[in-house]
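Thanks for making time. Please have a look at the structure on the screen, and then I will go through a few points.

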Amino acid sequence: MEESVRPSSTVNGTPQYIDLQSIPLPPQRGAGDVPTIDTTSARPPYAAWESRYRAWVIGSDVFTAFALIMMSAFLIDRSDPHDMHALGTAAAFLFGLSVCRAWSPRVLGEGAEEYRTLGRGLVATAVLVALGGLLFGALAVQPWVFIVVPMISVFMFLQRYALRQVLHRRRRFGECLLPVLAAGSPDTVADLIARTKADPHVGWRVEAVCTYSGAGAERGSGEVEGVPIVGKLDDLAGHVRRGGYRVVAVTADQHWNPKRLQRLAWDLEGTSAEMVVAPMLMEVAGPRLNVSGVLGMPLLRVTAPMFTGGRRLVKEALDRFGSALLLTLFSPLLLAIAVAIKLDDRGPVIYRQRRVGRDGHTFTMLKFRTMVTNADKLKQDLQADNEGAGPLFKMRNDPRVTRVGGLLRRYSLDELPQLLNVVSGRMSLVGPRPPLPEETVKYAPDARRRLLVKPGLTGLWQVSGRSDLSWAESIRLDLRYVEDWSLALDLVILWKTFRAVVQGRGAY
């Protein structure tokens, strides 16, 4: 149920799963086409842990909101009708979060989507409180709109995160997982199984496979990546009703066509299963995908990636303001690092390097110097020991790194001067990794799409392994960010960056 299926979700070379149950189906059915729905299931529609987790989320949200509302009613000037303000804010909170489906089982633990729906619900709460104040003449609602509701938001996001960490911990031990039946070709099913095992926090456990090809499908025997094959794709609905699976993951296979998928959706009505389908024609995820019914048929609308517009202006403003604020807060640390570098070998404090930014324009990127002063000249002598992926040069134990530089690199403190690049508008707080000019010369056409946006101080590559990533994986993550960017994704990446830096994962 979690950052993307990690993110969860991926872009290049990876199935992206969408909820087919929400696609409007044509109302006409032939006389013999209406399936007989068997509502019996070997497992209940929702496991006990799901109901308990949802109860914990709702209970903690309500308790936090009402406690803060009651405390605010006593702290704010008593000359105003605070009972009405408190009652109105509580009602707006319950209505806003309910309407925005912030407590829906489908979004709880579901990556950035949970935070996105929670954010919409809290914004709706603030708007309702403001409108209620105007409607009923309670004009002293400013503290409730601009102080109380934001305070509730901060506490609510933190407690949602804490509950999710508890859920993820249990999933790492094989608990609180949704039983999945995977259906498709053996290769695509094997890829799905491998990904669910690598990312247990997503909450999927593939327990059975249906496939169209292979002797195992004919006999209902055999295995794919250690998961038993229970039958052919034509028998899928029957296995779901008998097994009580919560998710039917349909992956690519030449067997699937619109008529068969529609029939499968009908057959799964009334069961405990949610049907998710990999869009087999393109690999795009996130807010760019929308399903609508046109001319009696479901259409998957894919909007163009947004590189300009209102949201980008908001991102630009947050970049400039946030980087300026961080520079102010970190100024004592920056000064201490500069002194340490100078005392270490008396060399220059700042290392300047040409990097490629948006639309291929080069700029000078600033970093704290972590290597000896003649590191660039020594690079050619170390090519035989290169451990980097693709055109990148990386060494886990690079002899050019100074004593102070090793510590700075471990916690990414050497990158703090890049905040000046963000303030100047050359970089963003979140974005693809800024490449070297010699790297971009070797780019394939798809890799060049990462130059459509500003490079970032951090990004999906930073929170997904950093230097431990393969070249293909780092490009895939950068392209996913370019294609599926959103403000919510930026906030998730910034938070995960803090965790990755503190733990020092994948940095050398």
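At what angle do the axes of helix α10 and helix α12 cross? Roughly 150°, and the two axes come within 9 Å. Helix α10 is residues 331-345, and helix α12 is residues 403-410. Angles over 145 degrees count as roughly antiparallel, so that is the word for α10 and α12 relative to each other.

Which residues make this contact? On the α10 side they are Ile337, Ala340, Ile341 and Asp344. On the α12 side they are Arg403, Val404 and Leu408. Sorted by class, the contact has five nonpolar residues, two charged ones and no polar ones.

The model is predicted. Average pLDDT for the chain is 79, and 75% of the residues score at least 70. Among the elements, helix α13, residues 418-423, has the highest mean pLDDT, at 95. The lowest mean, 44, belongs to strand β1, residues 18-19. Over residues 1-41, pLDDT stays under 50. The model still has 128 contacts beyond four places in sequence for residues 1-41.

Next, the record. An unreviewed UniProt entry annotates "transmembrane region" over residues 53-76, 82-100, 121-138, 144-163 and 321-341. I will take two of these spans. Residues 144-163 are 100% helix and 0% strand in the model, with their end C-alpha atoms 27 Å apart. For residues 321-341 the end C-alpha atoms lie 28 Å apart, and the span is 95% helix and 0% strand.

That is what I had.

Notes
Residues are numbered from 1 along each chain as its sequence is written. This is a predicted model: local features need pLDDT of at least 70, side-chain atom pairs count only at pLDDT 80 or more; totals for chains, interfaces and linings use all residues. Side-chain values use heavy atoms; hydrogens and water are left out. Axes are lines fitted to C-alpha atoms, for helices over the stretch in contact, and angles run from 0 to 180 degrees between N-to-C directions. Helices (H or I, at least four residues) and strands (E, at least two) are DSSP runs, numbered from the N terminus. Angles under 35 degrees count as roughly parallel, over 145 as roughly antiparallel, 65 to 115 as roughly perpendicular and the rest as oblique. Contact means heavy atoms within 4.5 Å. Ala, Val, Leu, Ile, Met, Phe, Trp, Tyr, Cys and Pro count as nonpolar, Asp, Glu, Lys and Arg as charged, and the others, Gly among them, as polar. UniProt positions are given in the numbering used here, feature names are shortened, and annotations may be inferred rather than shown by experiment. pLDDT is the predictor's confidence in each residue, from 0 to 100.
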